[in-house]
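I open these notes to keep track of what I looked up, chain by chain, and in what order.

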There are 4 protein chains.
Amino acid sequence: MTEPNIGAEDLEIARLDFSIDRVGEPTLPSPLRDVPFVDDGGRVCYFHDTGRILALREAGLPIPGFVQAGPREKIYFDPKWTRAAIVTCGGLCPGLNDVIKGVVNTLWYTYGIDKIFGIRYGYRGLEPRYGLEPVVLDPDVVDTIHEDGGTILGSSRGNQDVESMVNTLDRLGIHVLFAIGGDGTQRGAGEIARKVKERGLRLVVVGIPKTIDNDLNFTERTFGFETAVGASSPVIGCAHQEAKGAWNGVGLVKLMGRDSGFIAASATLVNSVVNFCLVPEVPFPLEGERGFLPALARRLERKHHAVVVVAEGAGQDLLTAGTRGKDASGNLLHEDIGVFLRDEIGRYLKARGVEHSTKYFDPSYLIRSVPAQGTDPIFCLHLAQNAVHAALAGFSNLVVGYWHGEFTYIPIPLAIRSRRKIRPEEQLWQSVLTATRQENWLADL
Amino acid sequence: MTEPNIGAEDLEIARLDFSIDRVGEPTLPSPLRDVPFVDDGGRVCYFHDTGRILALREAGLPIPGFVQAGPREKIYFDPKWTRAAIVTCGGLCPGLNDVIKGVVNTLWYTYGIDKIFGIRYGYRGLEPRYGLEPVVLDPDVVDTIHEDGGTILGSSRGNQDVESMVNTLDRLGIHVLFAIGGDGTQRGAGEIARKVKERGLRLVVVGIPKTIDNDLNFTERTFGFETAVGASSPVIGCAHQEAKGAWNGVGLVKLMGRDSGFIAASATLVNSVVNFCLVPEVPFPLEGERGFLPALARRLERKHHAVVVVAEGAGQDLLTAGTRGKDASGNLLHEDIGVFLRDEIGRYLKARGVEHSTKYFDPSYLIRSVPAQGTDPIFCLHLAQNAVHAALAGFSNLVVGYWHGEFTYIPIPLAIRSRRKIRPEEQLWQSVLTATRQENWLADL
Amino acid sequence: MTEPNIGAEDLEIARLDFSIDRVGEPTLPSPLRDVPFVDDGGRVCYFHDTGRILALREAGLPIPGFVQAGPREKIYFDPKWTRAAIVTCGGLCPGLNDVIKGVVNTLWYTYGIDKIFGIRYGYRGLEPRYGLEPVVLDPDVVDTIHEDGGTILGSSRGNQDVESMVNTLDRLGIHVLFAIGGDGTQRGAGEIARKVKERGLRLVVVGIPKTIDNDLNFTERTFGFETAVGASSPVIGCAHQEAKGAWNGVGLVKLMGRDSGFIAASATLVNSVVNFCLVPEVPFPLEGERGFLPALARRLERKHHAVVVVAEGAGQDLLTAGTRGKDASGNLLHEDIGVFLRDEIGRYLKARGVEHSTKYFDPSYLIRSVPAQGTDPIFCLHLAQNAVHAALAGFSNLVVGYWHGEFTYIPIPLAIRSRRKIRPEEQLWQSVLTATRQENWLADL
Amino acid sequence: MTEPNIGAEDLEIARLDFSIDRVGEPTLPSPLRDVPFVDDGGRVCYFHDTGRILALREAGLPIPGFVQAGPREKIYFDPKWTRAAIVTCGGLCPGLNDVIKGVVNTLWYTYGIDKIFGIRYGYRGLEPRYGLEPVVLDPDVVDTIHEDGGTILGSSRGNQDVESMVNTLDRLGIHVLFAIGGDGTQRGAGEIARKVKERGLRLVVVGIPKTIDNDLNFTERTFGFETAVGASSPVIGCAHQEAKGAWNGVGLVKLMGRDSGFIAASATLVNSVVNFCLVPEVPFPLEGERGFLPALARRLERKHHAVVVVAEGAGQDLLTAGTRGKDASGNLLHEDIGVFLRDEIGRYLKARGVEHSTKYFDPSYLIRSVPAQGTDPIFCLHLAQNAVHAALAGFSNLVVGYWHGEFTYIPIPLAIRSRRKIRPEEQLWQSVLTATRQENWLADL
């Protein structure tokens, strides 16, 4: 008999430090007294810094806990003088504009801050040599931006020189920087926070984690993920029709998921016409008795069509195995698992004289650029509100998280120390195995 | 300073009984050994009956806990001989077919049960005088039903005679009944379970709660809610266009929510063009200094259009106040808050000589009959799986719940003792106040 | 043997006058020479006033023809001095913003006109006592308005005093008025045109017909119709699910179509789950051997569910027959065929002891307020371009039409003399009969 | 002054032969007498073989005309004994299942034919060596297939041996073959018709043209085109967001259109955020003063983002120019204009030191596999009905066309002699030039 959910990983969690940096002791009364944050007794509601969200699901261990997100009774920055900036970094993700709108409206209406700037094109906009002036943001500017995908601020990949970025922030007189972005962005945000602390500047950095793959550690949900799963479903439906429409038709869909297969696995369960779901967490052999290609061939022989979903980070061991050699520059010929599988399927079936037709779908840009759907806009708003609450209270070097139904504040170093991954022994992956009836490759390896 | 989240309600929770009925002691080894439910060490994963999910968010109190949902190591029913039935009751809800499909596939593939029956048209199908034969269900029958809204089994409102229903179940030789439905349905399921126990029949009843309003107690999410919120958003968008298209145009949208305003509040946050959101939890005066109608008139004077969202259960005190008298039969002339508000708006503005045009939207049937979207299909599947796990383990008189990110088993009497409601002091409603900038009526009352 | 398509109606058409008013002889060379309207020989393309579009489908008759739409070699107004205005009237229709955008861009880019005004809230905006100033329009203002339903200008129903409207136009110095609206709007446009002619003003009025019902005479397609048909299809799907979900469930959908049933008939063919389609052109008896209610009861007995689509103008004879009496004010108790049918179905079935459940859908506001879809935006653009070409050439008192695949100019008196209706003997209605298998009531009556 | 629309092409049309083959003289009275195809006088409506649809838009030329589609008073085949078959060939296209359903229902309900077979996987299903048995079709089988994209029959590319296919049809006793497919399919259908005639078999072949590109000659509309244009619009919207989201972002979308750019041009007008639209009919230089790449660079310098739509058949001269050489096998390195442009844009901008980011979209499979939308399902039904009418009347070797608002019968040799193309001097392309403000390359060349 196994004892699920308590193991080395949980013991390690028990030893982590969940406390949050703060730029200084808050002394100002919160202006929330003046806006309608009241309980049914008419009293204003605040959250305590000592409130903790359990980071472990089981009692019996020393219990570490996240700092609870929410408005504090005392704040650090004086709204009348506070200047805030927002930056969006990395690839597009549904909900970016919702988060921007939420931050602007919460700063403006809840705290009465009216100096809000949008940094253009990611961290690039903090690097003076690009000459990109910030734009001014207010509730009118952001009124309907949630109806569009993308980000009104523009974005870019990669960090810029920290010293240079801090100089720009200082020159612009920014007290509060909201950094919306992924792993790398938050690493950059953490470096800015540390540099700022070194210099003794009165500036906090609050991250809002953006990973469409939903693979941030210590966070059960990230914005855009629900929308991405929903938007993947019709693509799989199209792949199914293309597969059924041809003799031995194969519909092959590559979905997002560089390190974690949450989108691929979830999309497989949402539109359960998928016969094979391949994710980074579960390596699979290409050939051999329990290999993917022979299993696909057996499926075609039986049903004459098949649908395959593959996360972009799946099967990386096959690619580095270099089965197809390198090009003149020494690059591996195949770096894209989707294209690689399409070619391998063709090669394998052709060698066995199986007439077939593979249709390859690479819809990532079509999924990540749509507006937030379902309940994602609400999630974005709540992230934004809690980010603003953290910043005003003087917290820094943190991202807003979500754990067991509650919003939390996570120290940036904790949030980026590793990625959240599918646990194959849990319900999500077990359901994928049942839905697809595919091989349980993990049992082998 | 307030201390949120610990109060009389939580203390009451601490005294509740969360234990689950069981028809007998399970003695059979689970067939899950033969299907791929394994952890990464190759061992099969089971859940412990002693596992508990915290029902309170704060430590410091004696901690009650829900029974954790999931497969058990020992099961009670022998799959080779088990006969299962599924019934859907009450109004349509997105995801009904997903749940049916999930139950059938889990029974069939995970436990090897191949005697599965669908009861037609709700509990009516268990009442012999209607002559409704059950339909046979298997994975082929349910293969693509998740693509459609509605329920393939049909539904009906209301309970039938318990004695008579138990007789039918006994005659059909059913061991396991899955009852998918709301409050009333689960009350009926509880009665069946008690009657069965009285008679000493070898039959368990497992409920899967269906409330599009998301108002089941001790459950943070119910299936169909996310889809309903998503489907409400374009309706609000249409109301906005109609409002802006006319001089003093008012777009009035009635959304579902008999006792709780979760859909109305969430839809307001998703499509934040709403100026007034009215829910059952927050009574509002119609006229007077802080009344809804004067506030609406002021909005029109300023912007010449307005969007109003009202939950069907909002303002019931206004209706029973009987401002418009009763008809010959003694019925109140207005029972529908949407129609009532439409008429009151017209009356009020006309009396003040304000030319205007109110467009009334009543989209409930259009929202509840669509297929499950976003991540709802996954949630339906997981509910179905955990319902089957409970039934096979011999549990009865329970519904499957969801609490702090985990699936739970809730005794039916607990689940139906009261409805979950919006807590106006928490983030959801506070965000609505900020988004709409409407009066905080609660502060008055 | 019948001779379809040549009859009294066609002979009447042969006697009509299709010539178009003109405010004066055009003498200016068209600036189109400077923009890229060229054929593949590099020559600029113009259309001849003598070009005619056949108004009859058969030869052998003296052939009248519509004036062909398109740019003319010579224009009447000097773009440098021309001031144009746009007004949208009546109910919303998908594509209004596309037409506005198309008119603005064609005036601006194709003819170089930069004085363009938007009249607010329909003809009301031309009546000084409302104090509504026109808004200035240019390509930036209209850049993304096609993404939204509704009309950015606002709209209103009804005409205003002609004298007063002409005074306003004169005061604003408008040379070209584009009137986007239905029957009544074009009647008003015609009156403005005549009054202007009387007074000898240098002002042309060009109508762009807006009827979501697609019932304009001498025009085979109006903008928004395709979108409306497409948007009706999911509503019918929801009605189908609601019908199947209940014992003897009836899904009753009222669609737009005051005088003509094109939307109801087309939507029935697009989503062919409809069992009864009721339109104004085909009267039907409510009871009796071939009546609608007995036929519905037979359908329920056989299948236990039914879907009914009714155009809002269908069965008006039943309403005026006053089967349910009048209220105190002498108004007929039922004026809405949808509500009437819902009640009659209930009454009829209840009287026969048939348990049933009718779900009523009234989605008109949800359909007419969506953005234009499919190829409607292109159609809107081409209407707008041809309206501008007509105005610049000095034509007045006309609407832009579409006939046998070509755009035409129709004198307003011709366009509004009667409405286009379904010809029951032609393919559209015959297909409805085949798709629904309903009674051919016409054969009786 | 130019004289548009009368030229060498029209004179050539005047000399074409529009008459239709017939397998024999029809002698049977049509059973339509028994179904409800009646005019308002109660008489059955038929169409005359001598009815003609004008193939030219201008009078003054000898007028050739298409044979008018529709039911005939006398039919050739006796429905009681008639055996029909349907085959779908080539790539997927929205509406395939609608056409299949329409043919089956018209055969069954309108003519009373109950021997209907579906050929599996295109012409491959008529080649015995594949061992593919036909499936039996009836109204129940096709009841809900219109809700899905794809084709329930499967499809394949390419023709099979004509002799062998005719043998199969003869062996199956088929009298009527409906061939749904493109150019090549209709060429095959024509060969079958000729072979059948040679052998004196009592078998007619009626084609229903399938070209998502809308490029069939003598037909103004083909099924699926409207849906494809509608489905392209959100893709262009995503490309716009991706372009705006990055510094010098380029959204490059390849759309369908091997020989004709109707989809690319129409989609550009529907979602008018496109800056460059490239189609096969209008060659463009890559570099040089008026080249595409310098124009793109200028656009980026001005706005820092751009959207480019390219039809798959555009710029073929650039590919064959072999700017990038050939591979070992002698194949040109770039055969895909989308990939070619993506690489050329990168090369050109990089060489000039312009930081940029190009996102490439290739959505063809996602567009062609969706269900028919808007009014496409009605068009599919009417095509199907007219195909059945033609077949029953004994016509053969034809496809159903659509000309000036009427359905027609076109001899297969006429239909496939050349493709319909955009006429750049007409409204569609001129509107694209205005909407994009791109170079009028044609004026140069």
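**Entry 1: a sheet in chain A**

I began with strand 11 (residues 249–255) of chain A, which pairs with strand 14 of chain A in the parallel sense over five bridges; this is a predicted model, and I read every value with that in mind. I looked up one of the pairs and found that A:L252 has A:Y360 in strand 14 of chain A as its bridge partner.

I then traced the sheet to which these strands belong, an open one of four parallel strands in chain A, in the order 12-13-11-14. Strand 12 (276–278) and strand 14 (357–361) of chain A are at its edges and have a single partner strand each, so one side of each is left without a neighbour in the sheet. From one strand to the next, the twist averages 15°.

Next I looked for the helices that cover this sheet. Helix 6 (residues 262–270) of chain A packs on it, touching strand 11, strand 12 and strand 13 (305–311) of chain A, and its direction makes about 150° with that of strand 13 of chain A. Helix 9 (residues 337–351) of chain A lies across strand 11, strand 13 and strand 14 of chain A, and runs at about 160° to strand 11 of chain A.

For chain A as a whole, I noted 14 helices and 17 strands, with buried residues making up 59% of its 445 residues. Of the contacts in chain A with a separation of 6 or more, 77% are between residues 24 or more positions apart.

**Entry 2: strand 13 of chain B**

Why is strand 13 of chain B described as largely enclosed by the rest of the structure? I found that seven of the seven residues of this strand (residues 305–311) are buried, so the description holds along its length. Both faces of strand 13 of chain B are covered, with B:H305, B:V307, B:V309 and B:A311 buried on one side and B:A306, B:V308 and B:V310 buried on the other.

I then checked its pairing. Strand 11 (residues 249–255) of chain B pairs with strand 13 of chain B in the parallel sense over seven bridges, and B:L255 has B:A311 as its bridge partner. Strand 12 (residues 276–278) of chain B also runs parallel to strand 13 of chain B and is joined to it by three bridges, with B:V310 as the bridge partner of B:L278. Between strand 12 and strand 13 of chain B the chain passes through helix 7 (residues 292–303) of chain B, and this β-α-β crossover is right-handed.

**Entry 3: helices of chains C and D**

I turned to helix 13 (residues 427–436) of chain D, where nine of the ten residues are buried, so this helix is largely enclosed by the rest of the structure. Its buried residues, among them D:W429, D:V432 and D:L433, pack against helix 2 (96–110) and helix 11 (376–392) of chain C, together with helix 6 (262–270) and strand 12 (276–278) of chain D. Following helix 13 of chain D is D:R437, which has a positive phi, near 60°.

Last, I looked up helix 6 (residues 262–270) of chain C and helix 11 (residues 376–392) of chain D, whose axes come within 8 Å and cross at roughly 75°. That makes the two helices roughly perpendicular. In this contact, C:S266, C:L269 and C:V270 meet D:P377, D:I378 and D:L381, and by class I noted five nonpolar, one polar and no charged residues.

Notes. Residues numbered from 1 in each chain as written. Chains lettered and ligands numbered in written order. Predicted model: local features only at pLDDT ≥ 70, side-chain atom pairs only at ≥ 80, totals over all residues. Pairing = 2+ DSSP bridges. Axes fitted to C-alpha atoms, helices over the stretch in contact; angles between N-to-C directions. Contact = placed C-beta atoms within 7 Å. Buried ≥ 20, exposed ≤ 12 C-beta atoms within 10 Å, placed from the backbone. Right-handed = clockwise from strand over helix to strand, strands pointing away. Parallel < 35°, antiparallel > 145°, perpendicular 65-115°, else oblique. Nonpolar A, V, L, I, M, F, W, Y, C, P; charged D, E, K, R; others polar.
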